[in-house]
Amino acid sequence: VKKARQLGQEVFSQMGPEGEDALFTFLKGKLQGWQTALQGYKPLAETGDYPGLEEIKDGLALTRKLIDCADSFKFIEHFNANKDALKDLSDDFHDLEHFYEHQKPTWDALRKACGRFQPNRNELEQDATAGPAWKRMGEILKAPAPFGMLHEVDGLIGTVQGVNSALVTERRTEALAGIDQYLTIVVQELDAISAEPALRSACTGKLQTLRSQVAAEDSLAHITQAKQDAQTAYDAAVSKIEEAAKSPKLILVGDGQGNAQTATVTTVKPRRVIKPANLVPRHYLETTEDVMEFMAALQKSLDDALAKNERIEIR
């Protein structure tokens with residue numbers, strides 16, 4: 001009984017009563033309290049998103065074995081025999097209790113932040129400021145016993161958040177500027193042919209949708225993809241406009257003598273997209289002859305487009 005009282009002091013930080021029956025009730029009650037708490041932590045740990053599952057299982061197995069002993073003398077014998085296991089469980093339980101009762105919001109914030117930053121992982125890893133912080137966040141999240149590391153979380157999240165926000169803002173601003181430029185050109189083209197509302201909607205709808213997506217998007221890769229999709233949508237819109245312009249419009253014009261006459265007008269020329277890089281026969285231009293060959297190919301493409309009454313777009 002004396003040994004059990006001393007062990008109880010070490011395990012529960014509280015000395016139990018002196019009598020065998022009273023000590024039995026005291027120690028068993030303490031173990032039942034642990035058991036109840038561990039049973040409450042177990043469902044979260046079993047999801048795999050929270051730490052301590054093995055410690056919880058071991059703790060439940062030990063408390064169950066001792067609690068199931070109904071005889072006070074045998075219970076105290078078993079309690080003393082499991083001295084090392086109980087002291088280990090005491091350390092584990094205090095870590096688990098502090099985590100699930102106090103540190104869980106910090107852990108949840110870490111998990112959410114890692115999920116939020118994950119799409120931009122490659123860019124963050126390459127940043128001198130965010131890279132180490134992002135790596136440390138991953139280490140804490142994967143640690144089997146992260147309890148002593150969680151005080152770092154708020155600072156790490158703040159560091160990565162600052163860099164991530166700057167990257168997203170820069171990429172988003174660039175993409176929105178590109179989409180706005182496409183929209184401006186498309187509207188000008190539509191105005192040039194006095195387009196009907198249906199054609200205007202068909203030509204600008206996709207670009208407007210992509211603009212809204214970019215304005216709300218936090219993934220750098222998705223923003224880049226939306227910018228590329230905007231060029232495709234722009235090309236499709238110009239093709240629709242050019243197709244509509246093939247049907248000549250009849251307009252009334254004066255003959256200078258007060259008489260009105262009809263005339264046809266085509267308001268939009270066909271477009272020729274010229275990509276100079278595609279005209280380079282090799283990866284590098286290294287000689288004067290290489291440069292002259294490239295310039296000749298470019299000049300030929302430009303002249304051919306003008307000869308066919310096409311307007312030229314350089315990319």
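This is a predicted model: local features need pLDDT of at least 70, side-chain atom pairs count only at pLDDT 80 or more; totals for chains, interfaces and linings use all residues.

Trainee: Is Ser13 buried or exposed?

Mentor: A residue counts as exposed when its relative accessible area is over 50%. Because Ser13 has 57% relative accessibility, the word that applies is exposed.

Trainee: In which loop is Ser194 found?

Mentor: Ser194 also deserves a look at its backbone, for its phi is near 50 degrees, a positive value in a residue other than glycine. As for its place, Ser194 is found in the loop between helix H8 (153-192) and helix H9 (197-216).

Trainee: Which residues gather with Asp21 in a patch of negative charge on the surface?

Mentor: Asp21 has its place in helix H2, which covers residues 20-46, and with a relative accessible area of 54% Asp21 is exposed. The residues that gather with Asp21 in this patch of negative charge on the surface are Glu20, Asp71 and Glu77.

Trainee: Turning to the aromatic rings, are the rings of Trp34 and Phe93 stacked or edge-to-face?

Mentor: The structure holds 11 aromatic pairs. In the pair formed by Trp34 and Phe93, the ring centres are 4.9 Å apart and the planes stand at 25 degrees. Planes under 30 degrees apart count as stacked, so the pair of Trp34 and Phe93 is stacked.

Trainee: How many residues apart are Trp34 and Phe93?

Mentor: Trp34 counts as buried at 6% relative accessibility, and Phe93 counts as buried at 5%. Trp34 lies in helix H2 and Phe93 in helix H5 (residues 83-117), so that the pair links distant parts of the chain, and the separation is 59 residues.

Trainee: Are the rings of Phe99 and Trp107 stacked or edge-to-face?

Mentor: Both Phe99 and Trp107 are buried. Their ring centres are 5.7 Å apart and their planes stand at 75 degrees. Since planes over 60 degrees apart count as edge-to-face, the pair of Phe99 and Trp107 is edge-to-face.

Trainee: Which residues do ring pairs link into a cluster with Trp34 and Phe93?

Mentor: The stacked pair of Trp34 and Phe93 belongs to a cluster that is linked by ring pairs. Besides these two, the cluster contains Phe12, Phe24, Phe75 and Phe79.

Note on methods:
Residues are numbered from 1 along each chain as its sequence is written. Side-chain values use heavy atoms; hydrogens and water are left out. Patches are made of residues with over 30% relative accessible area and no salt bridge: like charges are joined within 9 Å, nonpolar side chains (Val, Leu, Ile, Met, Phe, Trp, Tyr) within 5 Å. Accessible areas come from the Shrake-Rupley method with a 1.4 Å probe; for residues, only the protein chains shown count as cover. A salt bridge is a side-chain nitrogen of Lys or Arg within 4 Å of a carboxyl oxygen of Asp or Glu. Lys and Arg count as positive and Asp and Glu as negative; His and the chain ends are not counted. The place of a charge is taken as NZ of Lys, CZ of Arg, CG of Asp or CD of Glu. Helices (H or I, at least four residues) and strands (E, at least two) are DSSP runs, numbered from the N terminus. Buried means under 20% relative accessible area, exposed over 50%, partly exposed in between (1.4 Å probe, protein chains only). Rings of Phe, Tyr and Trp (its six-membered ring) pair if their centres lie within 6.5 Å; planes under 30 degrees apart count as stacked, over 60 as edge-to-face and the rest as tilted.
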